[in-house]
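Work through the exercises below with the sequence and the model side by side. Try each task before reading its solution.

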Amino acid sequence: MLCQSQYAVITFGGIMWRALFAILVIYSCHVEGGSFRRSGGRQEPQLNLDEYPSYEDIMKYLKDLARLNRNRIHLRDGGRSYENRKLQMAVISNGDGRPNKRAIFIDAALHAREWLCPITALYVIQQLVVNYQENSYLLDDYDWVVLPLANPDGYEYSRNVDDYWRNTRSPNNEHCYGTDLNRNFNYSWIMESSDLKDPCSENFAGSGPFSEPETRTVRDIMLELVESNRGLMYLSLHSANRSIYYPWRDYGERTNNKAEHEEIAKHAADRIYWSTGTRMSTMPGYFYHGMVGGISLDYAFKVGFPVAFIFEMSGKDQNGVEHKFFPPSSAIRGLVQESWLGIRSLAEKAIEKYPPSRPLWPRAKPKSKFWNWNW
Ligand SMILES: *[C@@H]1O[C@H](CO)[C@@H](O)[C@H](O)[C@H]1NC(C)=O
Ligand SMILES: *[C@@H]1O[C@H](CO)[C@@H](O)[C@H](O)[C@H]1NC(C)=O
């Protein structure tokens with residue numbers, strides 16, 4: 001670590017200079033928060049947890065990290081958004097070269113204004129790649145695929161023009177723009193709410209299922225993982241409801257492995273509570289704002305991920321003040337780290353439940369009024 005190597009230098013020089021230098025080092029180590037490290041003498045790119053990164057910052061961080069850690073992370077081009085931004089994915093492994101491991105798939109910021117999500121996804125990537133020693137158990141038999149910015153057009157629009165913007169930026173008619181990506185999946189599409197068909201609503205589900213390039217990218221990676229029998233867990237990052245929920249959202253029926261979902265979610269919620277005191281609710285999606293169709297969670301479960309979660313991060317700062325989508329810079333680090341603890345805990349429990357010896361198939365048969373059991 002950079003911080004440790006600088007301490008060595010402090011032992012030289014006069015007492016005054018030593019004291020002064022020590023203060024500087026302590027300050028800079030504090031500010032860097034341990035995210036600025038060396039590995040094999042190379043300087044890892046810094047992930048700044050004190051501000052929300054732009055699209056450009058995110059692309060640059062991924063590129064720099066991948067250039068320095070070729071054995072553990074490679075970038076995969078997931079195509080382009082409506083406005084031609086890159087849907088960049090990070091594929092993370094432990095570098096042992098063993099192909100076809102099971103995989104955990106994470107996407108972040110399907111909803112543009114949920115600013116904590118992309119930076120948390122980057123932190124997940126950093127923890128798995130740079131802080132590998134501590135987290136290697138999460139990669140022994142599992143790869144991670146992370147799409148840190150699923151809606152780059154909406155995110156930039158939210159950052160630069162209208163902070164409450166939630167959707168994409170594709171035109172719906174001459175006045176209204178944007179599809180809610182988390183209503184655009186082909187599962188109970190436009191079910192249960194008239195809003196979903198209104199091109200001027202912020203819940204507009206799109207002109208058809210998978211009308212948006214961003215949802216098609218998420219779909220394609222899901223299908224690829226499931227079809228190669230690798231899809232273990234799907235996790236979609238959202239903010240700021242402080243909850244972890246699981247299928248179904250479209251209808252109030254239980255899945256056959258509801259108890260397993262609840263156990264995994266509860267494990268993560270407990271870890272967070274013990275560590276930071278934040279209480280996360282755990283529940284089937286249906287109990288969260290009621291029924292709605294077209295969401296990525298249900299689609300992932302339907303196509304064959306045996307476990308799937310939406311992780312709604314907390315938007316509360318250290319003093320308990322609720323900031324929802326836009327916590328101030330000073331609160332970003334704590335919230336990101338808290339969420340990483342939750343994500344890591346979800347993964348470790350899912351891995352414990354689905355060791356390589358347990359087949360992913362046949363899994364609990366999905367039960368839903370709207371889904372015919374014919375794959
Ligand atoms: C949506 O799913 C239905 C079956 O449930 C299928 O017939 C249809 O082709 C799908 N549409 C798209 C765009 O994927
Ligand atoms: C989360 O959503 C539920 C359901 O709408 C609501 O009752 C609860 O107050 C929300 N919690 C937060 C922290 O926003």
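**Exercise 1. A loop and its cis bond**

Where is Trp 248 found?

Solution. This is a predicted model. Trp 248 is in the loop between S7 and helix H8 (258-276). The peptide bond from Pro 247 to Trp 248 is cis, with omega near 0°. There is also a cis peptide bond from Ser 239 to Ala 240, with omega near 5°. Ala 240 belongs to strand S7.

**Exercise 2. The annotated glutamate**

Is Glu 312 buried or exposed? Find its strand and its contacts.

Solution. Start with the record. An unreviewed UniProt entry places the feature "active site" at Glu 312. Next, locate the residue: Glu 312 sits in strand S9 (residues 307-314). Then count. Within 10 Å of Glu 312 there are 22 other C-beta atoms. The cut-off for buried is 20 or more. Therefore Glu 312 is buried.

Finally, list the contacts, leaving aside neighbours within four places in sequence. Glu 312 touches His 238, Ser 239, Ala 240, Asn 241, Arg 242 and Ser 243. Two of these names came up in Exercise 1: Ser 239 and Ala 240 are joined by a cis peptide bond.

**Exercise 3. Around ligand 2**

Which residues surround ligand 2? Sort them by type.

Solution. The shell consists of Asn 241, Arg 242, Ser 243, Tyr 288 and His 289. By type, the shell has one nonpolar, three polar and one charged residue. Compare this with the contacts of Glu 312, which include Asn 241, Arg 242 and Ser 243.

**Exercise 4. The nonpolar core**

How many residues does the largest nonpolar core have, and which have the most contacts inside it?

Solution. The largest nonpolar core has 94 residues. Val 146 and Phe 309 have the most contacts inside it. Helix H4 (residues 116-129) contributes the most to this core, giving 10 residues.

Setting aside neighbours within four places in sequence, Phe 309 is in contact with Leu 235, Ile 244, Tyr 245, Tyr 246, Ala 265 and Leu 346.

**Exercise 5. Tracing the sheet from S3 to S7**

Which strands pair with S4, and in which sense? Then do the task again for S5.

Solution. Begin at strand S3 (residues 73-80). S3 and S4 run antiparallel and are joined by six bridges. Ile 73 stands opposite Ile 92 in S4. S4 also pairs with strand S6 (residues 142-147), in the antiparallel sense over three bridges. Here Ala 90 faces Val 146. Val 146 is one of the residues with the most contacts inside the largest core.

Move on to S5. S5 and S6 run parallel, with six bridges between them. Ile 104 has Trp 144 in S6 as its bridge partner. S5 pairs in the parallel sense with strand S7 (residues 231-246) too, over six bridges. Ile 106 stands opposite Leu 235 in S7. Leu 235 is also among the contacts of Phe 309.

**Exercise 6. Enclosed strands**

Why is S5 largely enclosed by the rest of the structure?

Solution. Count the residues of strand S5 (residues 102-108). Seven of the seven are buried, so S5 is largely enclosed. Check both faces. Arg 102, Ile 104, Ile 106 and Ala 108 point one way. Ala 103, Phe 105 and Asp 107 point the other way, and all of these residues are buried. Strand S4 (residues 86-92) is largely enclosed as well, because five of its seven residues are buried.

**Exercise 7. Loop residues**

Is Asn 100 buried or exposed?

Solution. Asn 100 lies in the loop between S4 and S5. It has a positive phi near 60°. Asn 100 has 9 C-beta neighbours inside 10 Å, so it counts as exposed.

Glu 83 is in the loop between S3 and S4. Beyond four places in sequence, Glu 83 is in contact with Asp 153 and Arg 169. In the hairpin of S3 and S4, Asn 84 takes a positive phi near 75°.

Technical notes: Residues numbered from 1 in each chain as written. Chains lettered and ligands numbered in written order. Predicted model: local features only at pLDDT ≥ 70, side-chain atom pairs only at ≥ 80, totals over all residues. UniProt positions renumbered as here; feature names shortened; annotations may be inferred. Helix = DSSP H or I, 4+ residues; strand = E, 2+ residues; numbered from the N terminus. Buried ≥ 20, exposed ≤ 12 C-beta atoms within 10 Å, placed from the backbone. Contact = placed C-beta atoms within 7 Å. Near = placed C-beta within 6 Å. Nonpolar A, V, L, I, M, F, W, Y, C, P; charged D, E, K, R; others polar. Core = buried A, V, L, I, M, F, W, Y, C linked by C-beta atoms within 7 Å. Pairing = 2+ DSSP bridges.
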